[in-house]
Amino acid sequence: MKILGIETSCDETAAAVVEDGTKILSNVVVSQIDIFAEYGGVIPEVAARSHLEVILPVIDKALSDANCNWGDIDAIAVTHAPGLLGSLLIGTLTARTLAILHDKPLYTVHHLKSHVYANWLNPKMNPPEFPLLALVISGGHTQVLYMPGHNQFEIIGTTRDDAVGECFDKVAKILGLPYPGGPSISKAALSGDATKYRLPHPKVTDLDFSFSGLKTAVLRAVQKEVDVPISYPSHQLKELLSEQQINDFAASFQKTAVDILLEKLQIALAERPETRSIVFAGGVSANQFLRRRASSLSAVFPEPTLSGDNGAMVAGACFYEIESGVQPVDPYSVNIYPRTSIETA
Ligand code: KG4
Ligand code: ZN
């Protein structure tokens, strides 16, 4: 079964054709990073307009790269939740128009589900085994999910404030490193000393996360290091930091964030001893330091190029939804849900 997956929930316009949930026939991603690097973050209205400009060429390329025409496509899958309202609208409206035009069944897929199913997109690897624990770590979410089987999700831990990717992005801003913060922090950290600055772990004892305190702790530590009061504008701190100090802060922050994630995973494993696989999902799972630190857990990671937003994971997740008996949606009444949870999608 060949599924066309369409993803536009944030700032990547993406489409892909995937066969049977594992075999990627094409995967086209147009990122808006260059636009938003200038602003240091995503501007929702600009993101939606950029999706509109490129979505049809992206879909055309996904079909031609896969050597497919519309007759070869069995279904269309699109992200309908969660994400930026305008961005989700462009993807879903495009998908539903194409579904009507080409008479294809249309499926809507939750974004975090797609990130998890990026771990099935490697036909050379054994698929993860159930029950499994999934650590979803992206720019908008930080959740520990328990999956007893395909398409079954229980949230057993979630962030009470910022997502871990958001924290990487905000700390990068304090340090004057370019957007998106994750890749630039991990690059700077390569030349830094991770033991230089001691940063606190949040006092959340259950499986929930809290990352906003860590961001503030970095801010205060930087202010202390350069000897300015806490009222000093955070966007001017970077001018007072040496390159080595920036690298040391990046490394110390990255180590603390990764330690927090792995500690929670250990607690989740102790609570769910029947777990047979651990999978990582979402943009932050591209982090090489995390991958090295998690190697003793025999965890499954997506291919680094599939950690971030893409259409292949949407098509992959859709395949397993169909296998689990999910029915197509009516293209005339398809809706978007910018904030809905994976348990209710
Ligand atoms: O999954 P994703 O592409 O989009 C959302 O669904 O949010 O995740 C984007 C997030 C950003 O916060 C970005 O800084 C982070 O993933 N990220 C990383 C790395 N690459 C991307 N964080 C840490 N290390 C990385 N190498
Ligand atoms: Zn994402």
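Visitor: Why is Y39 called partly exposed?

Guide: The relative accessible area of Y39 is 47%. Buried means under 20% relative accessible area, exposed means over 50%, and partly exposed is in between, with a 1.4 Å probe and protein chains only. The value of 47% lies in between, so Y39 is partly exposed. Y39 is found in the loop between helix 1 (33-37) and helix 2. Its C-alpha atom is 30 Å from that of V109, and the two residues are 70 apart along the chain.

Visitor: What kind of model is this, and how are its parts numbered?

Guide: This is a predicted model, in which local features need pLDDT of at least 70, side-chain atom pairs count only at pLDDT 80 or more, and totals for chains, interfaces and linings use all residues. Residues are numbered from 1 along each chain as its sequence is written, chains are lettered from A and ligands numbered from 1 in the order in which they are written, and side-chain values use heavy atoms, with hydrogens and water left out.

Visitor: What makes a stretch of the chain a helix or a strand?

Guide: Both are DSSP runs, numbered from the N terminus: a helix is H or I with at least four residues, and a strand is E with at least two. By this rule the protein chain has ten helices and nine strands.

Visitor: Why is the protein chain called as compact as a globular protein of its length?

Guide: The radius of gyration, taken over C-alpha atoms, is set against the globule rule, which is 2.2 Å times the number of residues to the power 0.38. For 345 residues the rule gives 20 Å, and the radius of gyration of the protein chain is 20 Å, so the description applies. Along its principal axes the C-alpha trace spans about 65 × 45 × 35 Å. Of the 345 residues, 54% count as buried.

Visitor: How do you know that there are zero disulfides in the whole structure?

Guide: A disulfide is a pair of cysteine sulfur atoms within 2.5 Å, and a search of the whole structure finds zero. Take C167: the closest cysteine sulfur, in C10, is 17 Å from its own sulfur, which is too far for a bond. C318 is in no disulfide either, and the nearest cysteine sulfur, that of C68, is 15 Å away.

Visitor: Why are C167 and C318 called buried?

Guide: C167 has a relative accessible area of 0%, and C318 likewise has 0%. That value is under 20%, so C167 and C318 are buried.

Visitor: What makes N247 buried, and which residues does N247 contact?

Guide: The relative accessible area of N247 is 8%, so N247 falls under the 20% limit and is buried. Contact means heavy atoms within 4.5 Å. Leaving aside neighbours within four places in sequence, N247 is in contact with A188, A189, S191 and G192. N247 lies in helix 8 (residues 243-271). Helix 8 is also included in what covers the buried residues of helix 6, as is helix 5 (164-175). Those buried residues of helix 6 (residues 181-189) are G181, G182, S184, I185, A188 and A189.

Visitor: Why does S307 count as buried?

Guide: S307 has 0% relative accessibility, which is under 20%, so S307 counts as buried. S307 lies in the loop between helix 9 (288-293) and helix 10 (312-323). Not counting residues up to four places away in sequence, S307 touches H115, G282, G283, S285, A286, R291 and P302.

Visitor: Is N67 buried or exposed, and is N151 buried or exposed?

Guide: N67 has a relative accessible area of 72%, which is over 50%, so N67 is exposed. N151 has 19%, which is under 20%, so N151 counts as buried. N67 has a phi near 60°, a positive value in a residue other than glycine. N151 has a positive phi of about 65° although it is not a glycine. N67 is in the loop between helix 2 (44-65) and strand 4, and N151 is in the loop between strand 7 (142-147) and strand 8 (154-158).

Visitor: Where are the peptide bonds from A81 to P82 and between F130 and P131 found, and what are their omega values?

Guide: The bond from A81 to P82 is cis, with omega near -25°, and P82 is in the loop between strand 4 (75-81) and helix 3 (85-102). The bond joining F130 and P131 is cis, with omega about -5°, and P131 is in the loop between helix 4 (111-117) and strand 6 (132-137).
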